Amino acid sequence: MVSGATAWDIAASVHDPEIPVLSIADLGVLRDVRDDGDAVTVTITPTYSGCPAMDTIRDDLVLALTAAGFARVDVRTVLAPAWTTDWITPHGREALAAFGIAPPGPVTARSGPIPLRLSVKCPRCGSLDTRELARFGSTSCKALYQCRSCDEPFDHFKAH
Amino acid sequence: MTLRQAQGPEESEPHGTVTVDEVLLSAELAGGEGVAASADVAEYALWLGDDALILSQQLGAWISRAPELEEDVALGNIALDLLGHARSLLRYAGTWDGRTEDDLAYFRDEPDWRTAWLFQQPNGDFAHTIARQLAASCFQFELYTALQRSSDATLAAIAAKSVREVEYHRDHAVQWTLRLADGTDESRRRMVTAVTDVWPYVDELFRDEPLVERLAQDAPGAAVRPSALRSGFDGVIAAVFAECGLEVPALPPSSAGGRHGIHFPSMGYLLAEMQVLARQHPGATW
């Protein structure tokens with residue numbers, strides 16, 4: 001049996017391996033946690049379909065919950081409703097900005113093949129005068145930007 | 001028992017929460033409890049999964065060889081998304097007869113694959129890869145947009161997840177098509193050649209095979225009728241080509257035959273490279 005922190009709190013303490021300032025709860029991939037006493041079932045959802053962080057998150061959940069005393073840990077993955085960046089919590093957005101990754105704006109409905117986007121704020125100097133260098137960045141969820149005011153390149157967690 | 005759920009930003013989807021992993025995404029449990037695909041739905045999932053997997057494998061070959069570093073990253077990201085789609089679709093296909101995604105990816109011989117010929121076209125030069133990406137991503141965008149409303153909850157969930165990613169792939173292909181066609185004389189020459197070489201394989205994507213007719217009878221609304229996607233595809237291509245002065249080549253379509261297991265000559269070599277490790281060292285992990 002487990003005492004103290006709830007199963008949710010323990011699961012929520014697991015962090016994204018590629019963006020270590022974000023817990024999986026802040027990222028919005030932790031969907032639900034069912035505590036049945038000795039057993040716990042955690043449901044997560046992938047950010048992007050091929051995201052390799054999911055395997056690490058799964059392993060980290062099993063380790064954290066086993067260490068907390070649960071005899072059996074099941075981690076399930078659901079696809080629907082599909083994750084969007086709107087699932088990232090306000091706290092998660094602050095953590096991203098503090099870490100130097102420009103957080104995503106709201107997901108907007110797109111109507112044509114040429115989408116319109118709001119400008120992205122530089123996480124270092126706050127300027128809105130920034131440009132996209134590459135829409136595909138170091139991980140599936142990020143794009144590479146550069147600030148025209150301070151010249152620094154930075155990662156942007158793209159609205160998705 | 002206590003249950004705590006995350007509060008999502010959106011209203012619930014038509015199918016509610018679809019649990020895919022527990023019964024479908026777990027290799028060990030494939031074919032076990034829960035929703036298993038019928039033979040025909042599994043075959044349809046195989047069509048889409050085989051398209052995605054072969055394209056993913058081909059794009060992976062560009063890594064370290066693309067024209068610029070950003071393209072290595074972009075094509076690698078696109079390949080990773082497609083691999084994710086393929087894994088979900090092959091796992092679901094495997095629920096019919098108990099095969100795992102690895103069984104389907106590594107231990108099927110060429111006649112058992114269902115990949116359309118467009119996806120089997122060689123990478124060629126960068127323009128050929130972009131022409132193939134343009135046709136493939138515009139097709140997949142129309143397909144997954146429609147398949148989100150499938151009566152099959154698993155296919156609908158996979159499509160809803162995939163369409164958001166394919167939209168990036170389409171944007172990437174459109175931007176490069178415009179840039180190459182409107183670039184230098186040499187880039188334009190290559191783009192025109194690439195579109196001419198790739199376009200005969202577009203027609204196959206929109207053919208209503210007997211499988212589609214059977215599904216329309218036995219599982220109404222589960223599959224998307226390929227021919228119904230043609231006008232949406234043609235509209236986007238017309239807009240892109242008009243922007244950069246390209247024309248749809250007036251060429252007869254290839255007979256193709258991917259949905260029947262008859263493949264382009266490059267397919268055997270591609271499968272050999274993709275499957276050799278798993279076949280020589282069954283069960284290998286790293």
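## How chain A is built

Helices (H or I, at least four residues) and strands (E, at least two) are DSSP runs, numbered from the N terminus. By that rule, chain A holds 4 helices and 7 strands, and along the sequence they follow the pattern α-α-β-β-α-β-α-β-β-β-β. This is a predicted model, in which local features need pLDDT of at least 70 and side-chain atom pairs count only at pLDDT 80 or more, while totals for chains, interfaces and linings use all residues. Residues are numbered from 1 along each chain as its sequence is written, and chains are lettered from A and ligands numbered from 1 in the order in which they are written.

Taken along the principal axes, the box filled by the C-alpha atoms of chain A is roughly 55 × 35 × 25 Å. Of the 160 residues in chain A, 46% are buried. Here a residue is buried if 20 or more other C-beta atoms lie within 10 Å of its own, exposed if 12 or fewer, and partly exposed in between, with C-beta atoms placed from the backbone. Two residues are in contact if their C-beta atoms, placed from the backbone, lie within 7 Å. Among the contacts in chain A with a separation of 6 or more, 52% come from residues 24 or more positions apart.

## Two domains in chain A

Domain bounds come from an automatic or database domain assignment. For chain A, the assignment gives domain 1 (7-77) and domain 2 (88-157). How far apart do the C-alpha centres of domain 1 and domain 2 of chain A lie? The separation is 26 Å.

In chain A, 11 residues of domain 1 are in contact with 11 residues of domain 2. The side of domain 1 of chain A that touches domain 2 has 6 nonpolar, 3 polar and 2 charged residues. For these classes, Ala, Val, Leu, Ile, Met, Phe, Trp, Tyr, Cys and Pro count as nonpolar, Asp, Glu, Lys and Arg as charged, and the others, Gly among them, as polar.

## Two spots on the backbone of chain A

A cis peptide bond, with omega about -5 degrees, joins A:Ala80 and A:Pro81. You will find A:Pro81 in the loop between S3 and helix H4 (90-99) of chain A.

Further along, A:Asp151 sits in the loop between strand S6 (142-147) and strand S7 (153-157) of chain A. Its phi is near 70 degrees, a positive value in a residue other than glycine. Is A:Asp151 buried or exposed? A:Asp151 counts as exposed because it has 10 C-beta neighbours inside 10 Å.

## Where chain A meets chain B

Across the interface, 28 residues of chain A are in contact with 42 residues of chain B. Strand S1 (30-35) and strand S3 (72-80) of chain A each supply at least two residues of the side that touches chain B. S1(A) gives the most to this side, with 6 residues. By class, the side of chain A that touches chain B has 13 nonpolar, 7 polar and 8 charged residues.

## A helix pair in chain B

Helix H6 (residues 126-147) and helix H8 (residues 185-198) of chain B have axes that come within 8 Å and cross at roughly 50 degrees. That angle makes H6(B) oblique to H8(B). Angles under 35 degrees count as roughly parallel, over 145 as roughly antiparallel, 65 to 115 as roughly perpendicular and the rest as oblique. The axes are lines fitted to C-alpha atoms, for helices over the stretch in contact, and angles run from 0 to 180 degrees between N-to-C directions.

On the H6(B) side of the meeting are B:Ala127, B:His128, B:Ile130, B:Ala131, B:Arg132 and B:Ala135, facing residues in H8(B) that include B:Arg190, B:Met191 and B:Ala194. The residues of this contact divide into 8 nonpolar, 1 polar and 3 charged.

## Individual residues in chain B

B:Asp40 belongs to helix H2 (residues 39-60) of chain B. B:Asp40 is partly exposed because 19 other C-beta atoms lie within 10 Å. Leaving aside neighbours within four places in sequence, B:Asp40 is in contact with B:Leu211, B:Arg214, B:Leu215, B:Asp218 and B:Ala219. The C-alpha atoms of B:Asp40 and B:Ala223 are separated by 9.8 Å, although the two are 183 residues apart along the chain.

B:Ala256 lies in the loop between helix H10 (230-244) and helix H11 (266-280) of chain B. B:Ala256 has a positive phi of about 50 degrees although it is not a glycine, and it is buried, with 21 other C-beta atoms within 10 Å.
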